[in-house]
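Please look at the sequence and the model first.

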Amino acid sequence: MPLPFKHLTSTKQLSREDMDAILAVTKDMEIVLEKGGTDLLEGKVLASLFYEPSTRTRLSFETAMHRLGGSVITADGLQFSSLYKGETIEDTMMVVSQYADIIAMRHPEQGSADRAASVAEVPFINAGDGPGQHPTQAILDMLTIFKERGKLDGIKITMVGDLMYGRTVHSLSFLLGLYNDVTFTLVSPEELKMPEKVTSFFDEKGIAYTETENIEEALDGDIVYMTRIQQERFADKSEYDRLKNSYVLEAHHLTGKDITVMHPLPRLKEISTDVDRLPNAAYFREVRNGVIARMALLAMLLGKA
Ligand code: NCD
């Protein structure tokens with residue numbers, strides 16, 4: 001089934017049917033990845049534009065394109081790009097549309113992805129727009145939840161940390177909220193609570209959620225999704241320093257618990273390394289799922305799945 005849109009800027013575009021269709025394609029992509037690759041996208045070019053720091057997401061997109069037999073052109077670092085000279089995002093998109101068959105872009109400004117998609121002549125994928133959205137991370141998180149827990153309906157998820165500026169939790173909330181009987185526990189300091197754009201979605205859809213500052217009483221569900229306090233979004237550095245160590249998940253918190261630990265990475269101190277050896281720790285498996293999910297999306301948006 002082709003996706004009913006050309007560009008992917010937000011998880012709010014996706015229906016449950018779209019998400020299920022992507023998950024179905026990931027099954028084939030997992031087999032392709034195990035074999036080392038295919039030539040499905042031979043002759044196609046991905047432009048990978050990262051105007052904000054990234055290791056994982058950029059390498060994940062580029063790996064996905066290479067494994068599908070396509071090739072990659074790349075630009076990173078705002079200071080090395082024409083955007084720094086003052087070129088608009090719109091002009092950059094018009095230019096890059098002449099080079100590539102599909103574009104993935106990360107940019108520090110919320111809303112930059114919508115501006116890019118409004119003019120891109122080839123499919124455009126938002127790889128993170130400031131504190132806005134990060135739809136491909138949410139899709140790979142959905143794949144991870146499904147693989148780890150064997151279901152999406154009925155998931156009980158605890159999201160912890162910087163829920164205000166963390167774009168991954170925004171995107172994931174809109175997607176997981178498409179499934180039945182999902183419940184959210186939102187753990188954050190008062191200053192970093194989930195924004196209204198997400199809680200109003202929960203309210204409209206009648207999705208159950210609770211907000212608390214206490215992590216230890218919230219570790220009884222299927223998933224605990226830890227996030228980094230997003231240093232780069234704070235105007236006041238002392239405010240970041242005050243909040244940066246709000247939550248630290250340690251192995252002893254998980255004793256006797258069958259809860260899956262996820263994290264979009266990079267991790268700072270919010271998950272102690274003693275958690276890594278536990279079967280609960282899914283964050284490095286999540287990275288491999290990222291390649292699989294992006295392979296599925298590249299193929300689908302290019303009409304080749
Ligand atoms: C996340 C991001 O960029 O939003 N990282 C990622 O894409 N894997 C999370 C983060 O930076 O904290």
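## Residues around the ligand

In this predicted model, the shell around the ligand consists of R56, T57, R106, H134, Q137, R167, T168, R228, Q230, P264, L265 and P266. Sorted by class, 5 of these residues are polar, 4 are charged and 3 are nonpolar.

Both domains take part: domain 1 (11-134 + 287-301) and domain 2 (135-286) each supply at least three residues to the shell.

For R228, the distance from a polar side-chain atom to an oxygen atom of the ligand is 2.8 Å. The side chain of T57 has an N or O atom 2.9 Å from a ligand oxygen atom.

Two elements, α2 (56-67) and α7 (167-176), each give two or more residues to the shell around it.

## Backbone geometry

Most peptide bonds are trans, and most residues other than glycine have a negative phi. The bond from L265 to P266 is cis, with omega near 5°. P266 belongs to the loop between β9 (260-262) and α10 (283-301), and both L265 and P266 are among the residues surrounding the ligand.

D181 is not a glycine, yet its phi is positive, at about 55°. This residue lies in the loop that runs between α7 and β6 (183-187).

Notes
Residues numbered from 1 in each chain as written. Predicted model: local features only at pLDDT ≥ 70, side-chain atom pairs only at ≥ 80, totals over all residues. Heavy atoms only, no water. Near = heavy atom within 4 Å. Polar contact = N/O pair within 3.5 Å; in protein donor to acceptor, adjacent residues only side chain to side chain. Helix = DSSP H or I, 4+ residues; strand = E, 2+ residues; numbered from the N terminus. Nonpolar A, V, L, I, M, F, W, Y, C, P; charged D, E, K, R; others polar. Domains from an automatic or database assignment.
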